[in-house]
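Let's take a friendly look at some salt bridges and a helix pair in this model. Keep the structure open as you read.

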Amino acid sequence: MEPPYAPLSESCAKALGDKVYDKRKVASQEIEKMVIEFNNKNNAGQIRKLIEVLANDYATSRDANRRKGALIGLAATGLGLGKDSDKYVNELVTPIMNLLSDPDLRVRYFACESLYNVVKVARSAIIPFFPEMFAALSRLVTDSDQMVKDGSELLDRLLKDIVTESYETFNLEAFIPLLRERMYVKNAFTRQYVISWISILNAVPDINMVNYLTEILDGLFVMLEDNTPEIQRMCENTISQFLKSIRNDSSSVRMEDTINTLITHAQSLNELIKSIAISWIREFVQIFGPNVLPYASGIFTAILPCLEYNVESKRSIKECAVSVNNSMMQLVSSKELKTQNVAKIDLRSIMEVLSQYLTHNSMHTKIAVLKWIHHLFTNFPNEMSAHASNLNNNLLLTLADNSDEVVLQSLCVLAEIINSQDTKDLDDFNKTHYRKFLLSLLTLFSEEKLILENRASLIIRQLCVLLNAEYIYRTFAEIIGEETLNLKFTSTVVRLLNIILLTSTELFELRTSLRDISNEKSADLFQCLYKSWVHCPVSTLSLCLLAQSYQHVSELVILFSDVEITLELLGELDKLVQLIESPIFAALRLTLVSKSNNCADAQYLAHALFGILMLLPQTVAFDTLRNRLQCVPNYWGQNPIDDRSSLEYKSGIDFVALRAHFIKRQKAHREQRIIQRKRSVILPDSN
């Protein structure tokens, strides 16, 4: 009768399940000899029967020693078969694989050892079982027992050697999903194991892992968050290797999917992840050029917040973000590819992102955003026109920013928007877009007192540089001239516009134009300004002095008898005297000694200045003006004045109508002040 464990002898079968390792070892040696003999005789039936006994009667036994016997017996069978083990690899590997997750740690260790011996002889024949082995080993590297870990690492090294030498039969596409799945396991040993496999495969010259980069790049960035320095180092090295491969040959990378992954991780709170992701974006912009433009909004979302970094630890991130920003700007402005670039850029999504960052806390971020908006309007004026109306409110709000640089850049953008709507007709003063913008600006000034006090002068002066200064002043004057309710605010704005007009170097040309009211265009401008300047009496005097309307000034000064002389008005008169002594009014002072126009202008000017002198209390300003007038020749008053000789008369302006308008506006101011004073003394209702 055949023994129950045939072809094993009874003694061998008993020793194979013994608790003593040495006895099991002796039994395995007998099995190895037996298999060699069977294999030499091509007795496949007996070999399969032996493997079946080991797999069914020993490997599944409840006795751990018998399971250990199965493992050493299967290993001996594989060694006995040698090169022919590939014919039985399925029968050999399957029972061993099952025992890799055995509850007994010694069984798990022996399973690693047994599988190692089988794999060593089967070599490439085990490739079809690789996914299962990989999954099992990814669990074993986290085992609580160090011996099991050591055994799994030994087996892992052997598997890597076999895969790299048998890459032609290795199914990489089937392996990548398994690899990707393990990348998200939050265990340091598993992560280290996974990264080592990626590095090994990427190092094989004939395996192009860049083809699968989109599948694993996200996982690599996730693993960078691990606190283990070794894992961070391995991840950085692996990512660096991939980038080097892309630099050498970018044809394999799926840029569209990859850049979206980079954009996501460039927004990470982890500085290392952010730094690497943005450096990759920089490389992609350089490598793929205009092809990255469809992803511009995402790139902006990633880099714009980084521009605020000012600490040493984040300096490299900021420098990288600045580099990306500059490269993107160069791409957009490429004249050679302008038509193609317009088609690639999603302006709507870009403007959504830029508008969002206009309210960012960082000055550097806001400036970058404003420069981008300006750049887009400059390069794509027609396409950007649809976004102009939505931008205006946000841009106006930036005028309240604490940074002068932000304010100036915002004004550049606003000016570019207005210029893009310009009809280019230099004689067309009916600029509706000027009016709409300046009306919004005046509304902002009226609602935000701090902007009016601290920023208005800078804003107006810069607008006069960026836009047509005459259009600016004409439009302001037209809007102010229509105001009938908030007269105090109106007079404040006139006072501001007047001091800018008289003192700003940016308005030199406009001042020059106003000095020649005999010119029809200049006369028209003077009348336009006058009708709103009347809201501020002293500003009206200044404007008329600038325009050399000295006769009218002498008449207006007399009307000051009906104007309430307040401290504010005296302060303005004081400033006017200082202006008369400034280089701006050098021509005015020379008029006092000029014999041109039959001395008409000189005499009217002297009368006007004496009138101003009479309005002043005896202060420093009074002494200054009096000293100036003492230099006027005495003979000016000896001959009658010929009105027709004055510049004012030659202008053709109806100064009688202007005088009436001045009186009307001052009356309105006086009435409004009376109403306000009455309101201020009325006590609120006690009920």
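## Salt bridges

A salt bridge here is a side-chain nitrogen of Lys or Arg within 4 Å of a carboxyl oxygen of Asp or Glu. The model is predicted, with local features needing pLDDT of at least 70, side-chain atom pairs counting only at pLDDT 80 or more, and totals for chains, interfaces and linings using all residues. Residues are numbered from 1 along each chain as its sequence is written, and side-chain values use heavy atoms, leaving out hydrogens and water.

By this rule there are 30 salt bridges. One of them joins D623 to R626, with the closest N and O atoms 3.3 Å apart. Both residues sit in helix 35 (residues 620-629), 3 residues apart, about one turn of the helix. Helices are DSSP runs of H or I with at least four residues, numbered from the N terminus. D623 is partly exposed at 31% relative accessibility; that class lies between buried (under 20% relative accessible area) and exposed (over 50%), using a 1.4 Å probe and protein chains only. R626 is also partly exposed, at 34%.

In helix 12 (residues 229-248), R233 and E230 are likewise 3 residues apart, and their closest N and O atoms are 2.4 Å apart in a salt bridge.

## A helix pair

How do helix 18 and helix 19 pack? Helix 18 (residues 347-357) and helix 19 (residues 363-379) meet at about 150°, with axes 9 Å apart. Axes are lines fitted to C-alpha atoms over the stretch in contact, and angles run from 0 to 180 degrees between N-to-C directions.

Terms used
Helices (H or I, at least four residues) and strands (E, at least two) are DSSP runs, numbered from the N terminus.
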